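The sequence and the model are shown below.

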Amino acid sequence: MPVLMAVAWEELRNRIRETGQHRFFLPEHERLCDRMSRDSWSVKDSDAHRFMWNELNLREEMTRQAERLDRVAQSLQESLDRREQAEQSETSFVRQEGYETWRYRAENAVSGAQEILRDGKYDVHFENRPGLRDTLRDRCFGIERQLDTERAQWEDLQRERSQAEQQQIQTRSHGMSW
């Protein structure tokens with residue numbers, strides 16, 4: 001590893017000790033990874049090259065995790081916001097147009113959040129963002145509670161729709177008899 005990169009890495013280690021943060025969350029790490037990405041081709045030492053490769057892969061993986069975490073948190077919040085908006089109507093949310101889409105998205109958001117909450121590799125993200133773990137749990141619980149409360153009404157509505165479709169089919173088939 002070139003001398004300047006070694007110095008930058010040592011400065012990053014000092015910054016980690018000062019802040020107590022994981023290196024991924026420090027802007028110095030991102031700058032160092034950008035530099036390693038540009039300069040990796042010139043590194044001839046196989047150990048240094050492997051170190052750089054591993055660090056760049058870690059950065060990419062941590063970035064994907066952070067992006068997924070943000071998407072799931074946003075999806076949960078959008079589900080809650082849509083739910084709150086729907087409650088302004090006098091019509092039961094289950095009977096409103098778009099409920100089925102909302103239900104599908106809400107279930108997926110809850111499932112994604114629960115997967116993240118169980119997966120220990122996200123712990124470092126939760127440590128960096130205090131309260132996020134509890135926020136995700138609370139949002140999941142609220143959405144699950146609503147889905148459970150509405151399950152019977154949703155199933156009844158599905159049966160009603162199915163029966164109405166069957167009646168339409170029967171009416172059409174009777175009208176076509178010769």
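## Basis of the model

The model is predicted; local features need pLDDT of at least 70, side-chain atom pairs count only at pLDDT 80 or more, and totals for chains, interfaces and linings use all residues. Residues are numbered from 1 along each chain as its sequence is written, and side-chain values use heavy atoms, with hydrogens and water left out.

## Overall form

The protein contains six helices and zero strands. Read from the N terminus, its elements follow the order α-α-α-α-α-α. With a radius of gyration of 26 Å, well over the 16 Å that the globule rule gives for 178 residues, the protein is more spread out than a compact globule. Helices here are DSSP runs of H or I with at least four residues, strands are runs of E with at least two, and both are numbered from the N terminus. The radius is taken over C-alpha atoms, and the globule rule is 2.2 Å times the number of residues to the power 0.38.

Along the principal axes, the C-alpha atoms fill a box of roughly 90 × 40 × 25 Å. Of the 178 residues, 30% count as buried; this term means under 20% relative accessible area, whereas exposed means over 50% and partly exposed lies in between (1.4 Å probe, protein chains only). Contacts are defined by heavy atoms within 4.5 Å. Among contacts between residues at least 6 apart in sequence, 67% join residues at least 24 apart.

## Aromatic residues

Six aromatic pairs are found in a search of the whole structure. The ring centres of Phe-93 and Tyr-99 are 4.9 Å apart and their planes stand at 90°, so this pair is edge-to-face. Both Phe-93 and Tyr-99 are buried. Tyr-99 also pairs with Trp-102: the ring centres are 5.6 Å apart and the planes are at 35°, so the pair is tilted. In these terms, rings of Phe, Tyr and Trp (its six-membered ring) pair if their centres lie within 6.5 Å; planes under 30 degrees apart count as stacked, over 60 as edge-to-face and the rest as tilted.

Helix α4 (residues 99–118) holds both Tyr-99 and Trp-102, which are three residues apart, about one turn of the helix. Both of these residues, Tyr-99 and Trp-102, are buried. One aromatic cluster is formed by Phe-93, Tyr-99, Trp-102 and Trp-154.

Helix α3 (residues 46–86) includes Glu-55, a residue that is buried with a relative accessible area of 5%. Not counting residues up to four places away in sequence, Glu-55 touches Trp-9, Arg-23, His-29, Cys-33 and Met-36. Ser-79 also lies in helix α3 and is buried, its relative accessible area being 4%. With residues up to four places away in sequence again not counted, Ser-79 touches Trp-102, Arg-105, Ala-106 and Ile-143.

Gln-96 is located in the loop between α3 and α4, and its relative accessibility of 13% counts as buried. Gln-96 and Ala-86 are ten residues apart in sequence and 8.0 Å apart in space, C-alpha to C-alpha. Apart from residues up to four places away in sequence, Gln-96 touches Arg-82, Ala-86, Ser-89 and Thr-91.
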